[in-house]
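Hi there,

Here is the structure I promised to pass on to you. Have a look at it first, and then read on for what turned up.

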Amino acid sequence: DMSVVGHYMGSAGLSAVSVGGRLVELLTFLCTGFCTGGQILLSQQVGAKQEDGIQKTIGTLFSFVLLCAVVLGSLSIALHRVLLDLLNTPAAAYDQAAAYMVICNSGCIFIFGYNALCAILRGLGDSKRPLLFVAIASVVNLVLDLVLVAGLQMGAAGAAIATVISQAIAFLWALIYLIVKREA
């Protein structure tokens, strides 16, 4: 996002994505920590062949992470101006940073959900598909960045939309894969 926005929208756009993305990164790191803990528990239960524990851990991890996504995403949207002020956001980048922050945090459920699903897959012993899902999401994000930022001149908001759409695709693909795998 930063490379494309910086190249096509200049320093104000680059600053907007940089500042607006800080909270998204913080929330993603928090989610990754929760998911890693769940993945470890799940791996232990898979190794011990505790089927009941596996199902409970998957349900708890997924429910907890999605609840966190809703709560933290909502809070960060509601408080985005306060947070941008605390980060000393430059005036020239403020509106774009606010748009980036609100759009990305609106898609928090996809970012968190994707991380939870991939932790579940890794906990079940499948590390290849999460890598494939994130690779495809990255390509989709780049293509959409170019279309929305370079082509349609949407600035940081376009980059945020590209990020949310790519994460939604990765989330849905991982979810469908898990459903199909479970039924097989």
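This is a predicted model: local features need pLDDT of at least 70, side-chain atom pairs count only at pLDDT 80 or more; totals for chains, interfaces and linings use all residues.

Is Arg129 buried, exposed or partly exposed? Arg129 is partly exposed, because its relative accessible area is 34%. For these words, buried means under 20% relative accessible area, exposed means over 50%, and partly exposed is in between (1.4 Å probe, protein chains only).

Residues are numbered from 1 along each chain as its sequence is written, and side-chain values use heavy atoms, with hydrogens and water left out.

Salt bridges

Arg129 forms a salt bridge with Asp126, and their closest N and O atoms are 2.9 Å apart. A salt bridge here is a side-chain nitrogen of Lys or Arg within 4 Å of a carboxyl oxygen of Asp or Glu. Asp126 is buried, with a relative accessible area of 9%. The structure holds three salt bridges, so here are the others.

Arg22 and Glu25 meet through their side chains at 3.1 Å, N to O. These two residues are about one helical turn apart, because three residues separate them along helix H1. (Helices are DSSP runs of H or I with at least four residues, strands are runs of E with at least two, and both are numbered from the N terminus.) Arg22 is partly exposed at 43% relative accessible area, and Glu25 is partly exposed at 33%.

H2 has 28 residues and reaches 41 Å from its first C-alpha to its last, close to the 40 Å expected at 1.5 Å a residue. That expected span is 1.5 Å times one less than the number of residues. Among the buried residues of H2 are Ile54, Leu61, Val65 and Cys68. Their cover includes helices H1, H3, H4 and H5, where contact means heavy atoms within 4.5 Å.

H2 gives the most to the nonpolar patch, with three residues. Leu67 lies in H2 and counts as exposed because its relative accessibility is 52%.

In soluble globular proteins, nonpolar side chains tend to be buried together. The largest nonpolar core in this model has 44 residues, and Cys35, Val65, Leu84, Tyr100, Phe112, Tyr114 and Phe133 touch the most other members. H1 gives the most to this core, with eleven residues. Such a core is a set of buried Ala, Val, Leu, Ile, Met, Phe, Trp, Tyr and Cys residues joined through side-chain atoms within 4.5 Å. Leaving aside residues up to four places away in sequence, Cys35 touches Leu61, Val65, Asn115, Ala116 and Ala119.

Happy exploring!
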